[in-house]
Amino acid sequence: MSLTRNKVVHCPQCRQTSEFTIWDSINVFLDPEMRDELMKGNVFRWVCPHCGKLLSAHFDTLYHDPQNKFMVYLFYREVDEDKKYDLSHQTIPDKGLEYGYSFRVVYDPNRLLEKIRIFEQGLNDIAIEKMKYIMTHYVDTTLIRDEEKLFFEKVIKSADNTNYGRMIFHRLSINKERNNSFSVSMKKYEEQCQAIKMDKRFEANSWLCVDEGWIARQLKELSLFDVKRESAASDMLND
């Protein structure tokens, strides 16, 4: 079920008060309209009904999609690296893994939206994050230099279904401005899916914060030779 509560908000501009609905959890099977509201940014946006002042609202929420079998916790806070990935205190719902659920934690609304897009399309977010890590660290290092992050957007299928489709990513700079999008062959994604399936370090049997930092932690035991060999074989931006 979805859980909501109302909070009294004092407008910093006109000093009037009004109520704002906080969604502690969102079940999109029971409240399907909330999916689009979230994607539009309306869930974390408050508009003063008296003067029209627009403010961002920061609160934690659990996004639950029973149809696509995933849950994503958004924790709207700054955390250090160790606490960010130590999620042993988060308990898996009874039979959640048995039913094929994925359980993720994010600390940024943009990451929440990305996870929703990934899981709605039946994709593996660990394989996608591994692709992104290789692209930013070995294929196009300007992403790190320019403090840009990659976000998965969608899959475009081939017109004749005889070739691999394309995965579309966009670049988001540190000031949240959207930059150029680019595509990567779905073949590269499928290769990463096969690679992580054979690597126990990428098992997903608990709550995980799967991002660039988590991938780096899982890869740290690889030899430098293996990492370079894998990145060279990918050649993701020139296929």
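Start by selecting lysine 69, which sits in the loop between strands β5 (61-65) and β6 (70-74). Helices (H or I, at least four residues) and strands (E, at least two) are DSSP runs here, numbered from the N terminus. What you have open is a predicted model, where local features need pLDDT of at least 70, side-chain atom pairs count only at pLDDT 80 or more, and totals for chains, interfaces and linings use all residues. Residues are numbered from 1 along each chain as its sequence is written, and side-chain values use heavy atoms, with hydrogens and water left out.

Most residues other than glycine have a negative phi. Is lysine 69 buried, exposed or partly exposed? Lysine 69 counts as partly exposed, at 39% relative accessibility. (Buried means under 20% relative accessible area, exposed over 50%, and partly exposed in between, with a 1.4 Å probe and protein chains only.)

Next, select arginine 15, in the loop between β1 (3-10) and β2 (17-27). Arginine 15 also has a positive phi, near 70°. This residue is exposed, because its relative accessible area is 64%.

**A glycine in another loop**

Now go to glycine 52, in the loop between β3 (45-47) and β4. Glycine 52 is partly exposed, with a relative accessibility of 44%.

Select Leu38, Gly41, Phe44, Arg45, Leu54, Leu55, Ser56, Tyr76, Pro109, Asn110 and Leu113, which line the second largest pocket. Two elements give two or more residues to this lining: β4 (54-56) and α3 (109-120). The pocket holds about 260 Å³ of space. By class, its lining has seven nonpolar, three polar and one charged residues. (Ala, Val, Leu, Ile, Met, Phe, Trp, Tyr, Cys and Pro count as nonpolar, Asp, Glu, Lys and Arg as charged, and the others, Gly among them, as polar.)

How are such spaces found? Rolling a probe the size of a water molecule over the atoms shows where empty space is left. On a 1 Å grid over the protein atoms alone, a cavity is a set of points where a 1.4 Å probe fits but cannot get out, while a pocket is an open set with protein on both sides within 12 Å along at least five of seven lines; lining residues have an atom within 4 Å of a point. Grid points are joined across faces, edges and corners, and a volume is the space filled by probe spheres set on the points.

**Helix α4 and its partners**

Show α3 and α4 together. Their axes come within 10 Å and cross at roughly 120°, so the two helices are oblique to each other. (Axes are lines fitted to C-alpha atoms, for helices over the stretch in contact, and angles run from 0 to 180 degrees between N-to-C directions. Angles under 35 degrees count as roughly parallel, over 145 as roughly antiparallel, 65 to 115 as roughly perpendicular and the rest as oblique.) Arg111, Glu114, Lys115, Ile118 and Phe119 in α3 meet Asp125, Ile128, Glu129 and Lys132 in α4; contact means heavy atoms within 4.5 Å. Three of these contact residues are nonpolar, none polar and six charged.

Keep α4 (residues 125-139) and bring in α7 (residues 212-219): their axes come within 9 Å and cross at roughly 85°. That makes α4 and α7 roughly perpendicular to each other. Here Ile126, Glu129, Lys130, Tyr133, Thr136 and His137 in α4 meet Glu212, Trp214, Ile215, Ala216 and Leu219 in α7.

**The largest cavity**

Select Arg111, Glu129, Lys132, Tyr133, Thr136, Lys149, Leu150 and Glu212, the lining of the largest cavity. The largest share of that lining, four residues, comes from α4. About 70 Å³ of space lies inside, and the lining has two nonpolar, one polar and five charged residues.

**Last stop: phenylalanine 152**

Finish in strand β8 (residues 148-156), where you will find phenylalanine 152. Phenylalanine 152 is buried, with a relative accessible area of 0%. Leaving aside neighbours within four places in sequence, its contacts include Glu114, Ile118, Ile128 and Phe169. Zooming out, the protein has eight helices and 10 strands.
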